[in-house]
Structures are given as C-alpha cells and as structure tokens.
Amino acid sequence: LIYIKENLAYIHSRDDVAKYFGVTGRTISNRVRGATGMSFSKYIRSVRLEEAKRLLRETDLQIEVIGEAIGIDHKGVVAWIASSLISPRSVSFRKS
C-alpha cells in the first residue's frame with residue numbers, strides 16, 4: 001500500500017503494481033482487498049481523492065499539477081473532483 005501511495009502519478013492499473021512486485025494483477029487485487037476491504041480500483045481512487053484534497057488544502061498548485069501528482073492527466077477530471085467532491089469549490093476549500 002505504501003508503494004501505491006508513493007507512486008500514484010505512475011500507476012494506471014493494478015498490472016503496473018503487479019509488474020513492480022513480480023506478481024499477477026489478481027494477487028495485487030487480493031492483497032489490497034485483504035488489507036483494506038476495498039477493490040484495487042476503489043482503493044486507488046480513494047487514495048487519489050485524499051491526496052488531491054491534501055494538495056488543495058496545503059498548496060497553491062494549479063489543478064493540472066495536482067492531477068499529474070495523483071496520476072490523472074485530464075484536467076477536466078481533476079476539476080470535476082475538486083468541484084463535486086470537495087464542496088463547495090476547490091478555491092473555497094483551500095481557504096477553509
């Protein structure tokens with residue numbers, strides 16, 4: 001789980017993690033589920049959201065830069081995350 005958190009920008013699928021550890025994607029999914037109770041995709045989405053929130057709160061980074069840092073390279077997706085999951089808006093969230 002530490003590897004996933006530290007390498008969000010480079011992880012696009014469970015196979016990326018599996019390749020690093022030399023195991024199958026299924027093994028990674030099973031280990032993530034065993035440790036977190038979540039599927040791999042749900043876990044990585046959760047970690048990305050928490051990191052995006054942290055970066056919005058603690059930095060003045062632009063949305064595009066935050067997206068790159070969490071492994072989402074489409075700025076529209078990052079803006080959607082900021083506007084719909086961090087209410088009311090990322091700018092207001094940063095001020096709180």
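User: Which element gives the most to the lining of the largest pocket?

Analyst: Helix α3 does, with four residues. Rolling a probe the size of a water molecule over the atoms shows where empty space is left. A pocket is an open set of points on a 1 Å grid over the protein atoms alone where a 1.4 Å probe fits, with protein on both sides within 12 Å along at least five of seven lines; a lining residue has an atom within 4 Å of a point. Helices are DSSP runs (H or I, at least four residues), numbered from the N terminus. The model is predicted, so local features need pLDDT of at least 70 and side-chain atom pairs pLDDT 80 or more, while totals for chains, interfaces and linings use all residues. Numbering starts from 1 along each chain as its sequence is written, and side-chain values use heavy atoms, without hydrogens and water.

User: Which residues line the largest pocket?

Analyst: The lining consists of Leu 1, Tyr 3, Ile 4, Val 17, Phe 21, Val 23, Ile 28, Arg 31, Val 32 and Ala 35. Two or more of these residues come from each of α1 (2-6), α2 (14-21) and α3 (25-36). Arg 31 sits in helix α3. The C-alpha atoms of Arg 31 and Leu 1 lie 9.1 Å apart, although 30 residues separate the two in sequence.

User: Is Arg 31 buried or exposed?

Analyst: Buried means under 20% relative accessible area, exposed over 50%, and partly exposed in between (1.4 Å probe, protein chains only). Arg 31 has 57%, so it is exposed.

User: Which residues make up the largest nonpolar core?

Analyst: A nonpolar core joins buried Ala, Val, Leu, Ile, Met, Phe, Trp, Tyr and Cys residues through side-chain atoms within 4.5 Å. Here the core has 11 residues: Ile 4, Leu 8, Ile 11, Val 17, Ala 18, Ile 28, Val 32, Phe 40, Tyr 43, Ile 44 and Val 47. Elements α2, α3 and α4 (40-58) each give two or more, and α4 gives the most, with four. A second, separate core of six residues includes Ala 52, Leu 55, Ile 66 and Ile 70.

User: How many salt bridges are there?

Analyst: The count is three, where a salt bridge is a side-chain nitrogen of Lys or Arg within 4 Å of a carboxyl oxygen of Asp or Glu. Lys 53 pairs with Glu 50 at 3.4 Å, N to O. Arg 54 pairs with Glu 51 at 2.7 Å and with Glu 58 at 3.0 Å, which links Glu 51, Arg 54 and Glu 58 in a network.

User: Why are Arg 54 and Glu 51 separated by about one helical turn?

Analyst: Because they are three residues apart in helix α4. Arg 54 is partly exposed at 30%, as is Glu 51 at 23%, whereas Glu 58 is exposed at 52%.
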